[in-house]
Amino acid sequence: MKIFLLGLITLVGSTCYSQNEDRDKSELYKKYREDQFYISVTYNLLNNKPKDVNQNGFSSGFHFGFIRDMPINERRNKAFGLGLGLSTNSYNQNISILETNGDFVYEVINGSEINVSKNKFTTYLVEVPLEYRWRTSTATDYNFWRIYSGFKFGYLFYNSSKFKSDIGNERLSNIDAFNKLQYGLTLGVGYGTWNFHMYYGLNSIFDDSAKLEGNSIDLSSFKIGLIFYIL
């Protein structure tokens, strides 16, 4: 009889524990979302380069921010993500930006006439990423496959250019010819913490007031690199 009672108590306790555990897991899954801080490092390329324009050196980008995850299905592995972040991007290339009599002049540098040690422009943006997010994760599994595709808006709040040569140096900032609004497509693909990241700019870095030999400078940005997600 004592053995029977002991077995019954054990069975009831095990059942109650199992029910509580299932209830806890159910609540955990209901609240599960992938809110994330992100840090990204990219190599920045320029698209639509005019004739004789080329890049030199390493053009880098650093990006960080936070994305709010909004699941749209019961399993919560599909979601929309909306975020806010900051981005800084440098572009080493051979278009000089010089100021003459209050006007900005854009010219392709002739390497045979001028010895240039540095020539780049840099942009600083507040960014708003909007993503559609698919993943194989669960509420308790932190290593999973993900494909995050989306759109990113960027507001340019500061820019600068730096020119160093054997005939002189010039550093400029807040050049009006940079487009204030910059936007493009994004893609993040990978497994676990580190993932491949890409940004394809859909509009020009400069507005129509920036001219090179009488033509608009329609350079756009293409960034590839790695993105690191932190829960």
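This is a predicted model: local features need pLDDT of at least 70, side-chain atom pairs count only at pLDDT 80 or more; totals for chains, interfaces and linings use all residues.
Of its 231 residues, 38% count as buried. Among contacts with a separation of 6 or more, 71% are between residues 24 or more positions apart.

- Strand 10 covers residues 194–201, and its side chains alternate between two faces. Asn195, His197, Tyr199 and Gly201 point to one face and are buried.
- Strand 9 (residues 181–191) runs antiparallel to strand 10, and seven bridges join the two. Gly184 has Gly201 as its bridge partner in strand 10, and Thr186 has Tyr199.
- Strands 9 and 10 make a hairpin with two residues between them. Gly192 sits in the turn, with a positive phi of about 80 degrees.
- Strand 10 also pairs with strand 13 (residues 220–230), again in the antiparallel sense and over seven bridges. Here the bridge partner of Met198 is Ile224 in strand 13.
- Strand 9 has a further pairing, with strand 7: antiparallel, over eleven bridges. Phe153 stands opposite Tyr183 of strand 9.

**Nonpolar cores**

- The largest nonpolar core has 19 residues, and the ones touching the most other members are Tyr106, Phe121, Phe206 and Ile217. Strand 4 (95–100) and strand 6 (116–135) are the elements that give two or more residues to this core.
- A second, separate core has six residues, including Ile67, Tyr148, Ile227 and Tyr229.
- Leaving aside neighbours within four places in sequence, Phe206 is in contact with Ile97, Tyr106, Phe121, Ala177, Phe178, Asn179, Ile217 and Leu219.
- As a general rule, nonpolar side chains in soluble globular proteins tend to be buried together.

- Searching the whole structure turns up five cavities of 30 Å³ or more. The largest cavity holds about 100 Å³ of space.
- Eighteen residues line the largest cavity, and those closest to its centre are Gln182, Tyr183, Tyr199, Ser221 and Lys223.
- Strand 3 (78–92), strand 6, strand 7 (145–165), strand 9, strand 10 and strand 13 each supply at least two residues of that lining.
- The largest pocket comes to about 150 Å³. Its lining is made of Asn56, Asn92, Gln93, Asn94, Ile109, Gly111, Ile114, Val116, Ser117, Lys118 and Asn119. Strand 6 provides the largest share of that lining, with four residues.

- Leu45 lies in strand 1 (residues 36–47). Leu45 counts as partly exposed because its relative accessibility is 23%, while the cut-off for buried is under 20%.
- Setting aside neighbours within four places in sequence, Leu45 is in contact with Gln55, Tyr91, Ser220, Ser221 and Phe222. Ser221 is also among the residues closest to the centre of the largest cavity.
- From Leu45 to Phe58 is 13 residues in sequence and 9.4 Å in space, C-alpha to C-alpha.

**Positive phi outside glycine**

- Asn48 has a positive phi of about 60 degrees although it isn't a glycine. Asn48 is in the loop between strand 1 and strand 2 (60–71). With 54% relative accessibility, Asn48 counts as exposed.
- Arg76 isn't a glycine either, and its phi is positive too, near 65 degrees. Arg76 is found in the loop between strand 2 and strand 3. Arg76 counts as buried because its relative accessibility is 15%, and buried means under 20%.

Definitions and conventions: Residues are numbered from 1 along each chain as its sequence is written. Side-chain values use heavy atoms; hydrogens and water are left out. Buried means under 20% relative accessible area, exposed over 50%, partly exposed in between (1.4 Å probe, protein chains only). Two strands pair if DSSP finds at least two bridges between them. Contact means heavy atoms within 4.5 Å. A nonpolar core is a set of buried Ala, Val, Leu, Ile, Met, Phe, Trp, Tyr and Cys residues joined through side-chain atoms within 4.5 Å. On a 1 Å grid over the protein atoms alone, a cavity is a set of points where a 1.4 Å probe fits but cannot get out, and a pocket is an open set with protein on both sides within 12 Å along at least five of seven lines; lining residues have an atom within 4 Å of a point. Grid points are joined across faces, edges and corners, and a volume is the space filled by probe spheres set on the points.
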